[in-house]
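Hi,

Here is the structure I said I would pass on. Have a look at it first, and then read my notes below.

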Amino acid sequence: MHDILIPRSLLRAADRFGGERIGDLQRGQPVVQGGRLVGLRTSTPSQKATMVLPPLTDPHCHLDKCHTIGRLGLVAGNLHTAIAAQLRDKAHWTQEDISARALRGLTEAQDAGVGAMRSHVDWGDGPARPLAWDVLREIAQQTEGVTLQLSPLTGIDRMADAAFTNALAQTAAQAGGALGAFVQNQKGMREGITAMFAAAQTYGLPLDFHVDEGLGDYNGLEMIADAALAARIKHPILCGHACSLMDRDADSVERIADKLARAGIAVCALPTTNLYLQDRRTGTPDRRGLTRLRELRAAGVTVLTGSDNVADAFCPLGQFDPMAAFHLTALAAHLDPPMMQWLPMITTDARRAMGLPAMYIEDTPLADLRMSDARDCETLVAQRHPLQPATFS
């Protein structure tokens with residue numbers, strides 16, 4: 001049996017796992033017990049060694065919208081232009097259309113080594129459950145090998161209606177999902193956030209916010225952090241986008257980051273869509289449509305990255321591959337080596353932020369492990385080595 005390499009950041013107890021430490025990796029021959037990899041035996045290093053990883057996690061995507069760009073015509077503009085274009089496309093959203101596109105996206109994710117993902121589902125303006133929710137829930141129930149978690153997506157102003165919020169929370173709970181909303185300086189923000197926290201407590205739900213997705217004067221992220229600290233909620237809270245932190249001064253960023261860290265709120269950067277949509281002007285943009293990942297992480301905030309939109313009105317490009325999102329995030333946000341330190345963004349930390357068990361190497365069934373022929377973590381990220389099901393023979 002040949003040697004394997006394991007990133008130390010993806011081991012629950014790297015120093016007790018055995019084998020030999022080689023920089024950011026543990027190397028040795030695998031010890032298998034009870035269908036899991038429980039340790040490494042020190043061996044004489046040979047030329048052949050395979051890197052082993054837990055399955056990847058995509059904490060923020062949109063399977064209901066994906067792969068619609070080919071029928072949208074000319075789409076170019078900012079966030080609100082994209083929202084309008086996607087709304088027009090919903091005339092095509094039959095059960096067959098949604099299912100075909102979502103399954104295409106899900107297959108892409110599985111091929112990329114994804115074991116868990118959260119898809120947001122547009123809820124629309126009326127009280128009725130949207131067709132996309134039912135289609136994606138059926139797919140989630142029938143899919144093997146991937147945990148597909150759903151989160152309804154509607155404006156935070158609608159959440160100010162406590163009865164609506166409770167009904168939506170009950171629907172999300174029945175699907176084993178999260179309770180989500182879009183927060184961007186709407187009226188009733190504070191009331192909506194308060195109602196969401198109350199519903200999350202009642203139904204035991206994770207919370208997920210599209211928040212401050214823009215460059216400018218937005219204050220939703222801090223409002224959510226304040227509400228979390230006041231509610232002392234124990235359920236996971238994930239905030240995606242948070243682009244407006246780029247426009248905050250250093251003292252404000254420090255204050256908000258401290259609140260996020262104390263509240264245990266994770267922040268997910270979504271570079272594909274935000275780099276494409278933000279700072280839209282007549283010429284080439286000179287602003288980065290990201291959040292302040294380095295400052296947040298330095299303050300103790302859990303930071304993540306995700307695929308977000310794939311080939312739809314919000315971004316004509318993209319792929320359901322967390323490693324691709326990580327690759328772009330590292331370039332855009334200057335995430336410096338050692339790259340091992342950032343791998344939890346798309347594995348263990350991402351699962352925790354979704355309310356799932358962390359799934360370190362020690363926790364992962366052998367059938368769910370992934371392997372790569374990359375010889376170190378820098379090469380794994382830089383050259384985008386494909387992940388395959390792991391074999392131990």
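Met354 sits in the loop that links α11 (348-353) to β14; helices (H or I, at least four residues) and strands (E, at least two) are DSSP runs, numbered from the N terminus. Do keep in mind that this is a predicted model, where local features need pLDDT of at least 70, side-chain atom pairs count only at pLDDT 80 or more, and totals for chains, interfaces and linings use all residues. Residues are numbered from 1 along each chain as its sequence is written, and side-chain values use heavy atoms, with hydrogens and water left out.

Is Met354 buried or exposed? Its relative accessibility is 1%, so Met354 counts as buried (buried is under 20% relative accessible area, exposed over 50%, partly exposed in between, with a 1.4 Å probe and protein chains only). Not counting residues up to four places away in sequence, Met354 touches Thr57, Asp58, Pro59, Met117, Arg118, Gln149 and Pro206, where contact means heavy atoms within 4.5 Å.

Thr68 is another loop residue to look up, found between β6 (56-61) and α1 (79-89). Thr68 is buried, also with a relative accessible area of 1%. With residues up to four places away in sequence left out, Thr68 touches Gln86, Asp89, Arg101, Ala311, Asp312 and Ala313. Between Met354 and Thr68 there are 286 residues in sequence and 27 Å in space, C-alpha to C-alpha.

Next, the strands. In β7 (114-122), 9 of the 9 residues are buried, so to speak a mostly covered strand. On one side of the pairing list, β6 and β7 run parallel over 4 bridges (two strands pair if DSSP finds at least two bridges between them). Thr57 has Ala116 in β7 as its bridge partner. β7 also pairs with β8 (147-153), again in the parallel sense, over 7 bridges, and there Asp122 has Leu153 in β8 as its bridge partner.

Strand β5 (residues 49-53) has 5 of its 5 residues buried, so the rest of the structure largely encloses it. Which way do the residues of β5 point? Ala49, Met51 and Leu53 point one way, Thr50 and Val52 the other, and all are buried. β5 pairs with strand β1 (residues 3-7) in the parallel sense over 3 bridges, with Ile4 opposite Thr50. Strand β14 (residues 370-372) is joined to β5 by 3 bridges as well, but these two run antiparallel, and Leu53 stands opposite Arg370.

Now for two helices. The 13 residues of helix α4 (residues 162-174) should span 18 Å at 1.5 Å a residue, and the end C-alpha atoms are 18 Å apart, which agrees (the expected span is 1.5 Å times one less than the number of residues). Buried in α4 are Phe164, Thr165, Leu168, Ala169, Thr171 and Ala172. Seen down the axis, these buried residues fall within an arc of 160 degrees, so they line one face of α4 (the arc is that of the directions from the helix axis to the C-beta atoms). They pack against α3 (131-142), β8, β9 (179-183) and α5 (189-203). After α4 comes Gly176, with a positive phi near 65 degrees.

Helix α2 (residues 95-111) has 17 residues that should span 24 Å at 1.5 Å a residue, and its end C-alpha atoms are 24 Å apart, in agreement. Its buried residues are Asp97, Ile98, Arg101, Ala102, Gly105, Leu106 and Ala109. Viewed down the axis of α2, they fall within an arc of 150 degrees and so line one face. The exposed residues Glu96 and Asp111 are on the face turned away from that buried side. The buried residues of α2 pack against β7 and α3, and α2 is followed by Gly113, whose phi is positive, near 95 degrees.

Last, the core. The largest nonpolar core has 103 residues, and Met117, Phe197 and Phe209 have the most contacts inside it (such a core is a set of buried Ala, Val, Leu, Ile, Met, Phe, Trp, Tyr and Cys residues joined through side-chain atoms within 4.5 Å). Apart from it lies another core, of 10 residues, including Leu72, Leu153, Phe182 and Phe314.

Cheers
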